[in-house]
Amino acid sequence: MSDKDNENVTANKKEDNINFKLIWNSLSKNYNMIEGAQLSNSFVILLSLMNSNEPFLTTNQISGIISKQSQGEIYKNLGTIKDALDKRLVREGFVSSKIIENKTQYSITPKGRKLLKGWIGFLSAIRENK
């Protein structure tokens, strides 16, 4: 990873100012509310990409982040992740992809960050109104 990529990741994290641990804990406890919806796959993938210290991740790395951050409560197989990425998130511009050493790697785009922030805001509003 280049120094510029590292700077961009760090700057984006500071700018986003999101408590990822709180989000992952809440998501793990309430996953049944969105499970089965295509939204759930997209949400956890975007959250993993935004929460990563690396600018580009493979599907294997994304799956590992989902499992680790949800403390094993949420598991997504590689086919499900790849399908959500290639057939929705990349096609719609929420994620970019590039091939590095014969592996497709993915990164969240500004459009994807905006979508994820909107979902987080929506979920936060629901929680506050309970």
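Predicted model: local features only at pLDDT ≥ 70, side-chain atom pairs only at ≥ 80, totals over all residues.
How many residues lie between strand 1 and strand 2 in the hairpin that they form? The hairpin has two residues between its strands, and Glu101 in the turn has a positive phi of about 50 degrees.

The secondary structure of the protein consists of six helices and two strands. Along the sequence these elements follow the order α-α-α-α-α-β-β-α. Of the 130 residues in the protein, 39% are buried.

The hairpin may be taken next. Strand 1 covers residues 95-100 and strand 2 covers residues 103-108; the two pair in the antiparallel sense over six bridges. Ser96 has Ser107 of strand 2 as its bridge partner, and Ser97 stands opposite Tyr106 in the same strand 2. In a regular strand, side chains alternate between the two faces of the sheet.

Most residues other than glycine have a negative phi. Glu101, located in the loop between strand 1 and strand 2, has a positive phi near 50 degrees although this residue is not glycine. Asn102 is found in the loop between strand 1 and strand 2, and this residue, not a glycine either, has a positive phi of about 65 degrees. Is Glu101 buried or exposed? Glu101 counts as exposed because its relative accessibility of 74% is over the 50% cut-off. Asn102 is likewise exposed, with a relative accessible area of 79%.

Apart from residues up to four places away in sequence, Leu49 touches Leu57, Ile62, Leu85, Val95, Tyr106, Ser107 and Ile108.

Two packed helices are described by the angle between their axes and the distance between the axes. For helix 4 and helix 5, the axes come within 9 Å and cross at roughly 110 degrees. The two helices are therefore roughly perpendicular to each other, since the angle falls in the range of 65 to 115 degrees. The crossing in which helix 4 passes helix 5 is right-handed. Helix 4 makes this contact through Thr59, Asn60, Ile62, Ser63 and Ile66, and helix 5 through Leu78, Ile81, Lys82 and Leu85.

Thr58 lies between helix 3 (38-51) and helix 4 (59-69). Leaving aside neighbours within four places in sequence, Thr58 is in contact with Lys103, Thr104 and Gln105, and these positions fall within strand 2, residues 103-108. Why does Thr58 count as buried? Thr58 counts as buried because its relative accessible area is 13%, which is under the 20% cut-off.

Gln69 is found in helix 4 and is partly exposed, with a relative accessible area of 27%. Leaving out residues up to four places away in sequence, Gln69 touches Trp24 and Asn51. The C-alpha atoms of Gln69 and Ser48 are 8.5 Å apart, although the two residues are 21 residues apart in sequence. Ser26 has its place in helix 2 and, at 23% relative accessibility, counts as partly exposed. Ser26 and Ser70 are 44 residues apart in sequence, while their C-alpha atoms are 9.1 Å apart in space.

Methods
Residues numbered from 1 in each chain as written. Heavy atoms only, no water. Pairing = 2+ DSSP bridges. Helix = DSSP H or I, 4+ residues; strand = E, 2+ residues; numbered from the N terminus. Buried < 20%, exposed > 50% of the residue type's maximum accessible area, 1.4 Å probe, protein only. Contact = heavy atoms within 4.5 Å. Axes fitted to C-alpha atoms, helices over the stretch in contact; angles between N-to-C directions. Parallel < 35°, antiparallel > 145°, perpendicular 65-115°, else oblique. Left-handed = near helix turned anticlockwise from the far one by under 90°.
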